[in-house]
Amino acid sequence: RQVRVGRMERTGTRATRPTRGAQRGSSGIARGTMASSRPTLIARRERELTERLLNLSLVLAEDAEEEVPELPDEACELWTESDVREFYRTGGRHRPDEETPWRESEDFPGGTREENSCLRWSNPRDEVDASQAPGSEDYKRVAMELGIRYRPDGLFPPGDKILAELSRERGNVPFEKLLLDEEQRLVTAESSWAAGNAAAVGGRIDLRCFLCDDGSAEEEGATVGSKLKAAVRFGDGASIGNGMSAHGGAIETVLDEATAELCKITQGPMCFTTKFEVSLKRPVALHETYVVECEIVKLGIRGMRIFVEASITAEDGNVVAECKAQLANMAKIKRSRT
């Protein structure tokens with residue numbers, strides 16, 4: 001008589017190990033048996049889960065403090081236990097298919113989505129009354145008061161050399177993007193493609209701007225010669241893909257953002273890019289710090305147009321990208337038409 005104990009075979013009172021061939025054969029049989037029975041096991045598990053959720057729904061319906069609509073027919077087959085509980089807790093308002101409305105379709109590669117469940121700004125915010133917008137002094141004052149808030153998803157390592165140098169450089173004042181809220185107040189950007197912690201989420205872009213308030217700008221309030229410096233790092237989320245260098249669009253985004261912020265803090269918050277020419281000279285590596293430098297080189301009639309030049313430079317001094325940008329000051333344009 002033989003009795004299997006673990007991986008040993010006991011014959012009488014003497015234990016012997018099975019041969020390698022026997023081990024391979026038995027494991028192969030076990031795998032084959034498991035593979036062939038997997039669909040049956042899954043189907044049985046699904047039936048048991050459906051039955052358990054059905055029983056749970058009956059209990060929750062009886063315990064509900066308010067009248068709850070009848071649970072949808074497919075709920076016990078498709079919903080999770082937490083979905084069923086949430087349905088009764090919310091009086092029947094919770095519908096998981098409405099919160100995650102992804103749909104697979106052969107007609108649309110990648111599927112479709114009826115509504116973005118993460119949508120927060122449901123109304124367009126671009127229509128702002130330029131005549132009521134704060135001026136450049138207000139923008140500058142609030143920006144300097146707030147500085148750069150802590151970024152929990154930031155990409156800069158402790159003791160980053162370039163960021164430390166910009167922070168210590170005399171005349172450099174840290175600030176970040178401000179926007180107008182519904183009441184025309186200047187507030188930091190909670191969600192943004194290019195600014196603040198929102199841009200760093202997912203390892204994309206971490207841009208830290210400094211206004212160079214060193215007195216180099218021309219007199220008479222023209223602000224020609226005004227400068228901005230910034231430190232920037234690109235993470236995996238800004239790459240061409242799979243760890244390759246930074247995507248050209250990410251590089252252009254940084255230049256566009258930096259030139260616009262220089263105009264907004266010196267001209268006013270209603271400055272918008274109208275023309276943008278960029279030259280990408282070298283690959284931009286991920287997880288390395290680069291210096292961004294911007295300067296206002298020219299103003300149009302009554303300051304309605306602002307011309308800015310900018311560059312991104314590697315730590316070794318090589319320029320990796322340059323741009324020329326033209327922005328419109330919508331507040332001044334609107335005033336000129338009244």
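I take a charge to sit over a ring if NZ of Lys or CZ of Arg is within 6 Å of the ring centre and within 35 degrees of the ring normal. With that criterion I examined lysine 298, whose charged end sits over the ring of phenylalanine 307, 5.1 Å from its centre. I note at the outset that the model is a predicted one.

**Entry: charges and rings**

I then looked up arginine 233. Arginine 233 lies over the face of phenylalanine 156, and its distance from the ring centre is 6.0 Å.

**Entry: the chain overall**

I recorded nine helices and 14 strands for the protein chain. Of its 338 residues, 37% are buried. I also looked up contacts in the protein chain with a separation of 6 or more: residues 24 or more positions apart account for 64% of them.

**Entry: aromatic pairs**

I searched the whole structure for aromatic pairs and found two. For phenylalanine 87 and tyrosine 88, I noted ring centres 5.2 Å apart and planes at 85 degrees; the pair is edge-to-face because planes over 60 degrees apart are classed that way. I found that Trp79, Phe87 and Tyr88 form one aromatic cluster.

Are phenylalanine 87 and tyrosine 88 buried or exposed? I read a relative accessibility of 0% for phenylalanine 87, which therefore counts as buried. Tyrosine 88 has a relative accessible area of 12% and is buried, since the cut-off is under 20%.

**Entry: helices α5 and α8**

I turned to the packing of helix α5, residues 136-146, against helix α8, residues 248-267. Their axes are 6 Å apart, and the angle is about 110 degrees. I therefore describe α5 as roughly perpendicular to α8, as angles of 65 to 115 degrees are so classed.

Which residues of α5 meet α8? From α5 I listed Ser136, Tyr139, Lys140 and Ala143; in α8 they meet Glu261, Lys264, Ile265, Thr266 and Gln267.

**Entry: glutamate 257**

I stayed with helix α8 to look up glutamate 257, which is found there. Its relative accessibility is 9%, so glutamate 257 counts as buried. I then asked what glutamate 257 is in contact with, leaving aside its neighbours within four places in sequence. I found Lys177, Ala194, Ala195 and Leu207 in contact with glutamate 257.

Terms used
Residues numbered from 1 in each chain as written. Predicted model: local features only at pLDDT ≥ 70, side-chain atom pairs only at ≥ 80, totals over all residues. Heavy atoms only, no water. Axes fitted to C-alpha atoms, helices over the stretch in contact; angles between N-to-C directions. Helix = DSSP H or I, 4+ residues; strand = E, 2+ residues; numbered from the N terminus. Parallel < 35°, antiparallel > 145°, perpendicular 65-115°, else oblique. Contact = heavy atoms within 4.5 Å. Phe/Tyr/Trp six-rings, centres within 6.5 Å; stacked < 30°, edge-to-face > 60°. Buried < 20%, exposed > 50% of the residue type's maximum accessible area, 1.4 Å probe, protein only.
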